[in-house]
Amino acid sequence: MTGLNKILLSEKDIPEEWYNIQADMPKPCLPALHPGTGKPIGPEALAPIFPEALINQEVSKEGFIRIPEEVRDVYKLWRPTPLYRAYFFERLLDTPARVYYKYEGVSPSGSHKPNTAVPQAYYNKAEGVKRLTTETGAGQWGSALSFACQHFGLGLEVYMVRVSYDQKPYRKLLMNTWGAEVIASPSDRTESGKRVLARDPDSPGSLGIAISEAVERAAKDDDTKYSLGSVLNHVLMHQTIIGLEAVKQMEIAGEIPDVVIAPFGGGSNFAGIAFPFLRLNLTQGMNIRCIAIEPASCPKLTKGEFRYDFGDTVGLTPLLPMYTLGHNFIPPPIHAGGLRYHGAGVIVSQLYKDNLIEARAVQQLACFEAGVLFAKAEGIIPAPEATHAIAAVIEEAKRAKEEGKPKIILFNLCGHGHFDMSAYDAYFAGKLTNHYLTEEELTANLRELGTPVINL
Ligand SMILES: *Cc1c(COP(=O)(O)O)cnc(C)c1O
């Protein structure tokens, strides 16, 4: 090893502002539409469920937004996060590429999600909100928000999909330890839950039902608001803390990445690491490739259509312009990781449409194979989502070897897999398979939607 293995910043280097890419996008995002009238909705339509500060951030065109001191103080518990040079992984791959990764698994809940959970809890508290509600599937988001609400003295109700509630007790216990109430969804607390239970008392639940329950609670109670862990513009902006730190760390390493790679669910960790590098492309004429990696079983960017669709499965949100597989899309159950969301966030969708970012789909077995290789070389066991980025890094590193070029690769290791070992268990036991979405499945799904297709 010749250079630093781990590039650390000090607490005073934690950025003082988040980066808002809406200031630099060549084409602005299209407006959200009211599903009834088809007319653009104003930000005030979101007021019953989100606090004003976050609604303002959602539509802001200011390039940088100040991070409140109270939020920076909490960030100091685990930020700045380390940036590593993956020497042992490079050696294993026998590649001339130089591979760097930003590690977000050092946060209290083990992923990048607290980067937005903390400011969301802060702004709600500042506006007098008493309680938040949210949904969680595997539990990454629910645990991050539990930690954040606990810090600011907010109550939290987490609607956890019934099957996960029964099968993943450790994530639930994390949330309980941080003081949140975890409710198996469907529940009898809401009309939406009661309706499902009346039909099917043993319903396993779904993320769609859990969202409906959480939103219903927030809409009906003045002291209660709702919180979302991905997709929305303000969430992506909070996550840019990752890339803003990484830009400084790559400078210390004396390198400019040729490619920046991140796994892609709704877009928050991808945006988090990529947007501050994309800013250099947009404002300083640099040419850094930013690649979002999605699962081949849920390929919204590479196979989806750019059109208006609902953000949730049930159809409660405004219509959003995004790459989507259809809000009625149900990812195959064989898929072990997260990244199951049917659409891409509005900003990422516009950037992709304008060819400013790239996307690639990878197969599940290649992901776990990559994750195990990485764990053997670097020691960290990646979250199943993060293995998608690693599979793409391996492809890039192989290409660098074929071309004989010392390519510089940076990727986001957005979380550790300590609470996902059952997915690794399924992989080792040979229970996981690859899955492609067929053209027939895709068109059938989109035909059913009935929401307007955007003319290109
Ligand atoms: C939630 C989550 C994701 C997917 O969400 P994005 O908004 O696309 O980042 C990916 N990785 C981990 C570890 C997560 O917890």
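How many salt bridges does the count come to? The count comes to 24 salt bridges, each a side-chain nitrogen of Lys or Arg within 4 Å of a carboxyl oxygen of Asp or Glu.

## Basis

This is a predicted model, in which local features need pLDDT of at least 70 and side-chain atom pairs count only at pLDDT 80 or more, while totals for chains, interfaces and linings use all residues. Residues are numbered from 1 along each chain as its sequence is written, and side-chain values use heavy atoms, with hydrogens and water left out.

## Salt bridges

Glu157 and Arg189 meet through their side chains at 3.6 Å, N to O. The two are 32 residues apart, with Glu157 in strand E7 (residues 155–161) and Arg189 in the loop between strand E8 (181–185) and H8. Helices (H or I, at least four residues) and strands (E, at least two) are DSSP runs, numbered from the N terminus. Glu157 is buried, at 4% relative accessible area, whereas Arg189 is partly exposed, at 34%. Buried means under 20% relative accessible area, exposed over 50%, and partly exposed in between (1.4 Å probe, protein chains only).

Arg289 pairs with Glu358, the closest N and O atoms being 2.9 Å apart. This pair links strand E11 (residues 289–295) to strand E14 (residues 358–362), across 69 residues. In the salt bridge between Arg360 and Glu395, the closest N and O atoms are 3.1 Å apart. Arg360 lies in strand E14 and Glu395 in helix H15 (residues 384–403). Arg360 is buried, with a relative accessible area of 16%, and Glu395 is partly exposed, with 32%. Shared partners join Arg289, Glu358, Arg360, Glu395, Glu396, Arg399 and Lys407 into one network of salt bridges.

## Second largest pocket

The second largest pocket has a volume of about 190 Å³. Helix H8 (191–199) and helix H9 (207–220) are the elements that give two or more residues to its lining. A pocket is an open set of points on a 1 Å grid over the protein atoms alone, with protein on both sides within 12 Å along at least five of seven lines; lining residues have an atom within 4 Å of a point. The volume is the space filled by probe spheres set on the points, which are joined across faces, edges and corners.

Among the lining residues are Arg195, Arg199 and Glu216. By class, the lining divides into five nonpolar, two polar and three charged residues. Ala, Val, Leu, Ile, Met, Phe, Trp, Tyr, Cys and Pro count as nonpolar, Asp, Glu, Lys and Arg as charged, and the others, Gly among them, as polar.

Terms used. 1 Å grid on protein atoms, 1.4 Å probe; cavity = no way out; pocket = protein on both sides within 12 Å on 5 of 7 lines; lining within 4 Å.
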